Amino acid sequence: MSNRRDFIKNSLLFAGAIGLGSKSLTAAPPLPNDATVDENYWKLVRAQFPLSHSKIFLNNGTMGPSPYSVLNEVQQEMLEIDSSGRYGGYEDTAIKSLALFLNTKDSEISLTRNVTEGINVVCWGLNLKAGDEVIMTGHEHVGHAAPWLNRAKLHGISIKILTLGKTASETIENLNKVISKKTKVISVPHIPCTIGYVLPVKEICKIAREKNIISFLDGAHPPGMLQLDLKDINCDLYAGCCHKWMLGPKGTGFLYVSENMRNQVQAYYGGGGFDTGWDMLSNPPSLKGYADNGHRYYYGTQNPALLKGISKAIEFQNQIGRDRIEARVKSLANYLQDHLINLSTDVEMLTPTESISKAAQVSFKIKDREMQKLQTQCGEKKIITRYVAENNINCLRVSTHIYNSFEEIDLFLKEVDTFLSLK
Ligand SMILES: Cc1ncc(COP(=O)(O)O)c(C=O)c1O
């Protein structure tokens with residue numbers, strides 16, 4: 001009897017541990033490949049996610065929920081590893097999937113745990129001295145700002161601020177004014193965490209190249225939102241993650257170091273995989289050299305389940321179609337932006353209205369109002385948004401992804417309307 005009780009107790013503990021307690025992973029209804037892309041299609045897409053039906057999730061910019069296909073893949077691989085004792089594999093597959101997704105060479109991709117990690121690799125790996133200038137914006141996330149500020153504090157590099165204009169051409173004009181003979185790196189977000197501004201990165205990288213300046217983009221948001229093509233952008237370095245718009249496993253990311261930059265970004269962290277050989281028995285003990293690919297910048301034990309999840313997330317995006325995804329997320333955001341602008345003259349739209357400078361995030365303020373209160377009010381109605389406190393902006397950021405609908409945007413707009421009337 002007691003054995004039976006123990007067995008049931010242990011089974012329940014196991015189910016809880018692998019997440020089968022309150023929410024079990026089920027197969028989602030199949031997503032047709034040849035469906036007409038209408039609102040019903042997007043409802044089917046929504047059904048691929050375990051997202052609670054009582055919530056309206058408009059904060060993909062912080063974290064992207066994964067579809068069942070990714071979650072199942074990760075869970076099955078976790079069980080497989082721990083039941084078979086097998087370890088390893090899938091690194092090459094994940095790198096190949098990422099390289100294809102981003103249009104790079106396999107050898108230019110390093111695996112990271114998040115954007116911040118990739119930024120740190122670059123920030124500490126570049127050979128800069130006191131007085132060298134790095135151009136950033138006044139819209140940085142702590143994960144991009146902190147490494148550079150730390151380098152400024154420890155090594156005396158100088159950070160110069162590029163002011164974002166209302167249009168791409170204004171931003172380029174501002175960039176030309178802030179570049180000096182001392183500028184060594186332009187390190188800016190492709191899309192900052194604040195106002196959904198899509199920076200004119202192709203032009204920025206072109207200017208950098210012409211002036212022999214290194215271009216580095218903080219790409220926390222674009223992968224999975226835009227049809228990103230790093231060769232077309234022609235940046236030197238790009239740090240991204242798979243846990244936002246790519247809808248991949250949490251704690252996964254990548255760093256792109258273009259082939260010609262590999263010898264300019266010194267690997268300071270070393271470990272299994274980063275080397276071409278090492279010998280503790282030679283006199284003196286020696287490191288032969290550094291891996292001639294992206295492995296130079298990551299090392300040690302990886303989680304094969306998460307790596308499989310990255311490839312699955314890319315497969316999911318490809319099945320829907322990256323052009324369709326970009327068009328959908330933009331049309332939801334455009335709808336929201338247009339309606340917000342028309343709601344009241346008190347609405348101050350911070351996201352540019354110029355189409356090349358915006359995508360799937362809309363940020364706005366309301367005259368003389370504390371925007372955190374609107375976030376709280378929406379939260380009470382189970383509408384999840386992001387209050388932006390960074391750099392004293394005091395605005396609300398709304399992200400639109402493929403699991404959102406126009407009805408959800410209307411419900412959010414209703415809350416804004418109520419908030420306006422509560423003045
Ligand atoms: C623009 C930007 N950069 C960097 C980061 C840091 O990303 P991670 O948490 O993956 O390190 C974020 C996170 O939201 C971000 O929005």
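1. The model is predicted.

2. Helix 5 covers residues 115–125 and helix 6 covers residues 142–155; their axes are 8 Å apart and the packing angle is about 25°. Angles under 35 degrees count as roughly parallel, and helix 5 and helix 6 are therefore roughly parallel to each other. Their crossing is right-handed.

3. Helix 4 and helix 10 form another packed pair. The axis of helix 4, residues 91–102, comes within 8 Å of the axis of helix 10, and the two cross at roughly 30°. Helix 4 and helix 10 are therefore also described as roughly parallel to each other. The crossing of helix 4 and helix 10 is left-handed.

4. As for the residues involved, helix 4 contributes E91, T93, A94, S97, L98 and F101, while helix 10 contributes L307, I310, S311, I314 and Q317. The contact of helix 4 with helix 10 divides into six nonpolar residues, four polar and one charged.

5. Helix 10 (residues 304–320) also packs against helix 11 (residues 322–343), at an angle of about 80° and with the axes 5 Å apart. Angles of 65 to 115 degrees count as roughly perpendicular, so helix 10 is roughly perpendicular to helix 11. Q317, N318 and I320 of helix 10 make this contact with R322, R324 and I325 of helix 11. By class, two of the residues are nonpolar, two polar and two charged. Q317 is listed in the contact of helix 10 with helix 11, and Q317 is also listed in the contact of helix 4 with helix 10.

6. Which residues surround the ligand? They are N114, V115, T116, H141, I191, C193, D218, A220, H221, H243 and K244.

7. At V115 the pair uses the backbone: one of its N or O atoms lies 3.0 Å from an oxygen atom of the ligand. At D218, a polar side-chain atom is 2.6 Å from a nitrogen atom of the ligand. At K244, a side-chain N or O atom is 2.6 Å from a ligand oxygen atom.

8. N283 and P284 are joined by a cis peptide bond, with omega about 0°. P284 sits in the loop between strand 9 (278–279) and strand 10 (286–287).

9. K382 is not a glycine, yet its phi is positive, at about 65°. K382 is found in the loop between helix 12 (371–380) and strand 13 (383–384).

Definitions and conventions:
Residues are numbered from 1 along each chain as its sequence is written. This is a predicted model: local features need pLDDT of at least 70, side-chain atom pairs count only at pLDDT 80 or more; totals for chains, interfaces and linings use all residues. Side-chain values use heavy atoms; hydrogens and water are left out. Axes are lines fitted to C-alpha atoms, for helices over the stretch in contact, and angles run from 0 to 180 degrees between N-to-C directions. Helices (H or I, at least four residues) and strands (E, at least two) are DSSP runs, numbered from the N terminus. Angles under 35 degrees count as roughly parallel, over 145 as roughly antiparallel, 65 to 115 as roughly perpendicular and the rest as oblique. A crossing is left-handed if the near helix is turned anticlockwise from the far one by less than a right angle, and right-handed if clockwise. A residue is near a molecule or strand if one of its heavy atoms lies within 4 Å of it. A polar contact is a pair of N or O atoms within 3.5 Å; within protein, one must be able to donate a hydrogen and the other to accept it, and residues adjacent in sequence count only if both atoms are side-chain atoms. Contact means heavy atoms within 4.5 Å. Ala, Val, Leu, Ile, Met, Phe, Trp, Tyr, Cys and Pro count as nonpolar, Asp, Glu, Lys and Arg as charged, and the others, Gly among them, as polar.
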